[in-house]
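Colleague: I am new to this structure and would be grateful for a guided discussion. May we take it up through questions and answers?

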Amino acid sequence: MAAPSHTYSTPGTYTVTLTVSDASGCSASTSQVITVAGATGINNSTNNGGIQIWSSENRIYVDFTALQKVNAVVKIYDIIGREVSIGEVTSNNIYVKEIDNIEAADYLVSVRNNDGVITKKVFISNIK
């Protein structure tokens, strides 16, 4: 049985297509859009721009209350770079994302607000 693989050298969104064929010449294809994150050694941002990020049990919190203007996208990635969640935030509140049906592990939270991006590694558990 074949086990195809491909490595992407640049972060981005890609459409992946797999085509299979048999000895009779019949073939079928399927496609899926994937997001490749640029996190390969995860380093937390040292300048948080007034944004605080933390986790508790299976929830991720992003605190925007210290900011006056918020136009943010919060992305959560698993340790191998697969996007688990994406959310938009436009008010200076605390964004809360509950992550269900996942294994307990480290996750990467990336927050793009206005012109800046901050990242932080957090631990998520599946205990409520």
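Modeller: A salt bridge here is a side-chain nitrogen of Lys or Arg within 4 Å of a carboxyl oxygen of Asp or Glu. Please note that the model is predicted.

Colleague: With which residue does Arg59 form a salt bridge whose closest N and O atoms are 3.8 Å apart, linking distant parts of the chain?

Modeller: Arg59 lies in strand E4, and its partner lies in strand E7, 39 residues apart. The closest N and O atoms are 3.8 Å apart, which counts because the limit is 4 Å. The partner is Glu98.

Colleague: Which residues are linked with Arg59 in a network of salt bridges?

Modeller: Arg59 forms a salt bridge with Glu57, the closest N and O atoms again being 3.8 Å apart. Arg59 also forms one with Glu98. The residues linked with Arg59 in the network are therefore Glu57 and Glu98.

Colleague: In what order do the three strands form the open sheet?

Modeller: The edge strands are E3 (52-56) and E7 (94-98), each pairing on one side only. Strand E4 (residues 59-63) is joined to E3 by five bridges and runs antiparallel to it. The order is E3-E4-E7.

Note on methods:
Residues are numbered from 1 along each chain as its sequence is written. This is a predicted model: local features need pLDDT of at least 70, side-chain atom pairs count only at pLDDT 80 or more; totals for chains, interfaces and linings use all residues. Side-chain values use heavy atoms; hydrogens and water are left out. Two strands pair if DSSP finds at least two bridges between them. Helices (H or I, at least four residues) and strands (E, at least two) are DSSP runs, numbered from the N terminus.
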